[in-house]
Amino acid sequence: MGEMSSPESDLSHQLRGHLGNLTADQEQAFTTFKDNLTKANLYTPPTEDQEASHDDPTLLRFLRARSFNPAAAQKQFTDAENWRKKHDVSNLFYEASAEDIDHSKRFYPRWTGRRDKLGLPLYVYRLASLETIQHELDAVPAETRYNRIVVLYELMTRFTFPLCSNLPRATAPIPVTSTTTIIDLESVSFSSMWKLRHHLQEASRLSTANYPETLHHIAIINSPSFFPTIWNWIKGWFDEGTRQKIHVLGKDPGSSLVELIHPQDLPAVYGGGLPWKFGDEPILDEQTKQAIGEMPKGPAIFVNGAVKKPPEP
């Protein structure tokens, strides 16, 4: 687990390795990576008439995940592209219903509709809230549950991240490609954590392999006395880079959280002023309302300053 630092101390330091904040060596590695992907027919550069097959922020997530080693990043990118074809990810997202997405959100981290001081979307995951609906999660066939996780990641990377990149923020023009997530363990029982372990592991492994570098900060709060036992279970699910982003704040996290999140954007239950609790729909700030009006229902992407339906595969 890593050290918590305040984003206000050095914004550029907090987002090293992101587009617009690369060293000369990182720029060279990025150029090499894209050249190698082009030669392998995994990436099509932009032309006057056509956009690139993959945007630069997405490619950089893979390169950051492999410490700017182009060969290692290409291996992970290739595996992820093969995974997308195997699971027909674009079609899964296109065909997802609003009802399925709303149902799925109840079991996974939820966007509050607000952002941290870096402009990254703030998500919350309260595990005790899953105890009363565990039977519903168990009733979902494994393949369906897996596909719904994929749809939620697509919604995050193709709608929420581009939307937040379009909004005014202190770190502009560095694009938003990751989240700050509060994991609330208040009132969660050991038996519940044990029952949820496969569910949590499935989502973690899917993310690490196919949506790398989408977690910037993970703040674990209200951790119970048995948390060290839990940590020994779960730490193997993450690579070392992700483990360094996890911060255990204990029972009174408010003072630490306001270093990362403005009080008006932090849920009141965690010491802020936002009247939001886990299970609620996002409460959009005024800048986000001006950009999109209200949250769209069903699958959506944010492109060129507008909410759109994903293109038919």
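Visitor: Which residues lie nearest the centre of the largest pocket?

Guide: First, a heads-up: this is a predicted model, where local features need pLDDT of at least 70, side-chain atom pairs count only at pLDDT 80 or more, and totals for chains, interfaces and linings use all residues. Residues are numbered from 1 along each chain as its sequence is written, and side-chain values use heavy atoms, with hydrogens and water left out. On a 1 Å grid over the protein atoms alone, a pocket is an open set of points where a 1.4 Å probe fits, with protein on both sides within 12 Å along at least five of seven lines, and lining residues have an atom within 4 Å of a point. Here 35 residues line the largest pocket, and nearest its centre are H54, D55, T58, T157 and R158.

Visitor: Which helix gives the largest share of that lining?

Guide: Helices (H or I, at least four residues) and strands (E, at least two) are DSSP runs, numbered from the N terminus. Helix 3 (56–65), helix 4, helix 5 (89–95), helix 8 and strand 6 (301–303) each supply at least two lining residues. The largest share, seven residues, comes from helix 8.

Visitor: Where does the largest pocket lie relative to the domains?

Guide: The domain bounds come from an automatic or database domain assignment. Both domain 1 (17–87) and domain 2 (92–308) give residues to the lining, so the largest pocket lies between them.

Visitor: What kind of pair do F33 and F77 make?

Guide: Rings of Phe, Tyr and Trp (its six-membered ring) pair if their centres lie within 6.5 Å; planes under 30 degrees apart count as stacked, over 60 as edge-to-face and the rest as tilted. The structure holds seven such aromatic pairs. For F33 and F77, the centres are 6.3 Å apart and the planes sit at 85°, so this pair is edge-to-face.

Visitor: How many residues apart are F33 and F77?

Guide: Both are buried (under 20% relative accessible area, with a 1.4 Å probe and protein chains only). F33 is in helix 2 (residues 24–39) and F77 in helix 4 (residues 70–86), so to speak a link between distant parts of the chain, 44 residues apart.

Visitor: And what about Y153 and Y211: what kind of pair are they?

Guide: Y153 and Y211 are both buried. Their ring centres are 4.9 Å apart and their planes are at 15°, so the pair is stacked.

Conventions. Buried means under 20% relative accessible area, exposed over 50%, partly exposed in between (1.4 Å probe, protein chains only).
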